[in-house]
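Subject: Handing over a structure, with notes

Dear colleague,

I am passing on to you the structure we spoke about, together with some notes on what was found in it. Please have the sequence and the structure open as you read.

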Amino acid sequence: AMATVGGNLVNASPVADLAVLLLAMAAEVELSSGDTRRWLPLPYFFKAYHQTELKAHEVLTTIRLPRNAGGATRLHFEKIAKRELDDIATVNTAMTAAEGKPGHFGRIRLSAGGVAPVPRLLHGVSDYLSGRLVSIQTVREALARVDADIAPVDDARGSAAYKRQLLKHLLLAHLTVLFPALSLQECLA
């Protein structure tokens, strides 16, 4: 019944909660073999379903997070699981939002699990939102871009179409929590 953060990452589950959180937080991992060490940004660590970039005889030794100077970056996490007593996510997602100029999104990092063979940083949506005006139109355009960043499959936790829709609703949850000026009702209209 023991687990580690590193073990959670090395397992490379597409729905690993910690992987999704650490992707949004811009984590890097140190991989070591004897005296040889290398750093890898977490989005490049996950290779394929339950496969990582670890080489033979390497172990994950360190996880490094950037400093959040003055608390200027906020974090929000959402998770939906199919069964109450089974905490394996259908879709999980995290977003960090750095402080931006007034009325604009700062640097956004959106990650998700359950929507691809590996936990994934959603570059397209993240890049689109970063620096843009906080508005219903911006949110609607971001929602339209979600599908290009993901590749869900039908499985026991839900259909690919369900997971696509679920991620879009979770993106709305992130945005309306982190940016309270946005109205959930207006975003859904």
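The notes below go through a sheet, a helix and the nonpolar cores in turn. Please keep in mind throughout that this is a predicted model.

The sheet

An open sheet of three strands runs in the order β2-β1-β5, and its pairing is antiparallel. Its edge strands are β2 and β5 (59-64), each of which pairs on one side only. Averaged over the sheet, and with direction ignored, neighbouring strands are turned by 25 degrees against each other.

Within this part of the model, strand β1 (residues 28-33) and strand β2 (residues 36-41) are joined by six bridges in the antiparallel sense.

Helix α4

Helix α4, which covers residues 136-149 and so has 14 residues, reaches 21 Å from its first C-alpha to its last, and this is close to the 20 Å expected at 1.5 Å a residue. Which residues of α4 are buried? They are Ile 136, Thr 138, Val 139, Ala 142, Leu 143, Val 146 and Asp 149. The elements that cover these buried residues include β9 (120-121), α3 (123-129), α5 (160-178) and α6 (184-188).

The nonpolar cores

The largest nonpolar core has 28 residues, and those with the most contacts inside it are Met 95, Leu 129, Leu 167, Leu 171, Leu 175, Phe 179 and Leu 182. At least two residues of this core come from each of β7 (86-98), β8 (108-113), α3, α4 and α5, and it is α5 that gives the most, with seven residues.

Leaving aside residues up to four places away in sequence, Leu 182 touches Phe 105, Val 134, Ser 135, Ile 136, Val 139, Leu 175, Thr 176 and Cys 187.

With best wishes

Terms used: Residues numbered from 1 in each chain as written. Predicted model: local features only at pLDDT ≥ 70, side-chain atom pairs only at ≥ 80, totals over all residues. Heavy atoms only, no water. Pairing = 2+ DSSP bridges. Helix = DSSP H or I, 4+ residues; strand = E, 2+ residues; numbered from the N terminus. Buried < 20%, exposed > 50% of the residue type's maximum accessible area, 1.4 Å probe, protein only. Contact = heavy atoms within 4.5 Å. Axes fitted to C-alpha atoms, helices over the stretch in contact; angles between N-to-C directions. Core = buried A, V, L, I, M, F, W, Y, C linked by side-chain atoms within 4.5 Å.
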